[in-house]
Amino acid sequence: MTRPRFLPDNFILALIGAILLATFLPIRGGAAAIYEHATTLAIALLFFLHGAKLSREAVVAGASNWRLHLCVLAATFVLFPVIGLAAHPLLSDLLTPGLAAGVLFVCLLPSTVQSSIAFTSIAGGNVSAAVCSASASNLLGVFLTPALAGVFLSQAGHAGGSLSAVVHIVGEIVVPFAAGQFARRWIGGWVKAHPKVVKFVDQGSIVLVVYGAFSASVVQGLWHQIPPIALAWLFLADAALLAIVLAVTWGVGRAFFTREDALVLLFCGSKKSLASGIPIAKVLFASGALGAIVLPLMIFHQIQLIACAAIARRAARYAPEAQPVRG
């Protein structure tokens, strides 16, 4: 039976299940400490596989279209953060401090890889350029996102990067990622041939982190600290953020690029990675604050999938036979 379009996929359902389980049966005490070490190992394995999976050759091969890739990176690491920082004073009044920090954190993350490429392909865009842009965004995001979090979150009055956070980032993210890149020559073929295993580790580790994050937050009274009206504003804030970036990236893309490249800018420049964001958040933020930090990202992730899927299908139906090259 075909899944109705309005239903989320199994991964989103698993995340919702993790939140519900943490709400009613949060992990506590010594078990929580053991669970914390398990999730740390899962994150290290996740970024090791990300490093082994990410093709440097794809980045180099598509580097000739440098104007497009710079625009994608500018949308991801400049436009998003500027919008987030500008909106932060208003969001601080409408949301809780943790949710407001979470929205700003969303703005600092790299683009997705798989879904950006998939939507570009569905819409009839430049797939090879999408592979290059999304891969470059994820590669740079491992280093840029923690650095941007230290700067932007500090300016917004939240905890920035500390020496301890830097040490954890290097140990849990950068070192495994670099090891995966180094080992790619030996295990890259296996990783490519077993996408289901990689996907299981990818999504499974995120579900583990979400359960642990919300458990710690629930123990500290997360749901008592977030009024329902704040959740309503959060949905609107995430939707508005995505709408603004979609409008800007599409406008810039159609003004300066071909339709095929404009679709790359639209999909790669407007997406944010849940797979990278939740593990990075775990390293940067205290356990008790983590639930509120990642909640905006989880909501944004679902909104972007629904919106971009609709846009991609529409673009595929109304694609012209040919487009003149601009710029």
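Select Asn138 and its contacts (contact meaning heavy atoms within 4.5 Å): leaving aside neighbours within four places in sequence, Asn138 is in contact with Pro110, Ser111, Thr112, Val113 and Ser276. The model on screen is predicted, so local features need pLDDT of at least 70 and side-chain atom pairs count only at pLDDT 80 or more, while totals for chains, interfaces and linings use all residues. Residues are numbered from 1 along each chain as its sequence is written, and side-chain values use heavy atoms, with hydrogens and water left out.

Asn138 sits in helix α7, residues 127–155. Helices here are DSSP runs of H or I with at least four residues, strands are runs of E with at least two, and both are numbered from the N terminus. With a relative accessible area of 10%, Asn138 is buried. Buried means under 20% relative accessible area, exposed over 50%, and partly exposed in between, using a 1.4 Å probe and protein chains only.

Next, select helix α5 (residues 97–106) and helix α11 (residues 228–256), whose axes come within 11 Å and cross at roughly 15 degrees. That angle makes α5 roughly parallel to α11. Angles under 35 degrees count as roughly parallel, over 145 as roughly antiparallel, 65 to 115 as roughly perpendicular, and the rest as oblique. Axes are lines fitted to C-alpha atoms, for helices over the stretch in contact, and angles run from 0 to 180 degrees between N-to-C directions.

To show the contact, pick Leu99, Val103 and Val106 on α5, and Ala230, Leu234, Asp238 and Leu241 on α11. By class, this contact has six nonpolar, no polar and one charged residues.

Stay on Leu241, which is in helix α11. Leu241 is buried, with a relative accessible area of 6%. Its C-alpha atom is 9.1 Å from that of Val103, 138 residues apart along the chain. Not counting residues up to four places away in sequence, Leu241 touches Phe80, Ile83, Val106, Cys107 and Phe300.

Now turn to the largest nonpolar core, which has 77 residues; Val210, Phe214, Ile278 and Met298 touch the most other members. Helix α14 (residues 287–317) gives the largest share of this core, 15 residues. A nonpolar core is a set of buried Ala, Val, Leu, Ile, Met, Phe, Trp, Tyr and Cys residues joined through side-chain atoms within 4.5 Å.

Select Ile278: residues up to four places away in sequence aside, Ile278 touches Ile206, Val209, Val210, Val294, Leu297 and Met298. For the last stop, another core of ten residues lies apart from the largest one, and among its members are Ile117, Ala129, Ala134 and Val264.

Technical notes
Ala, Val, Leu, Ile, Met, Phe, Trp, Tyr, Cys and Pro count as nonpolar, Asp, Glu, Lys and Arg as charged, and the others, Gly among them, as polar.
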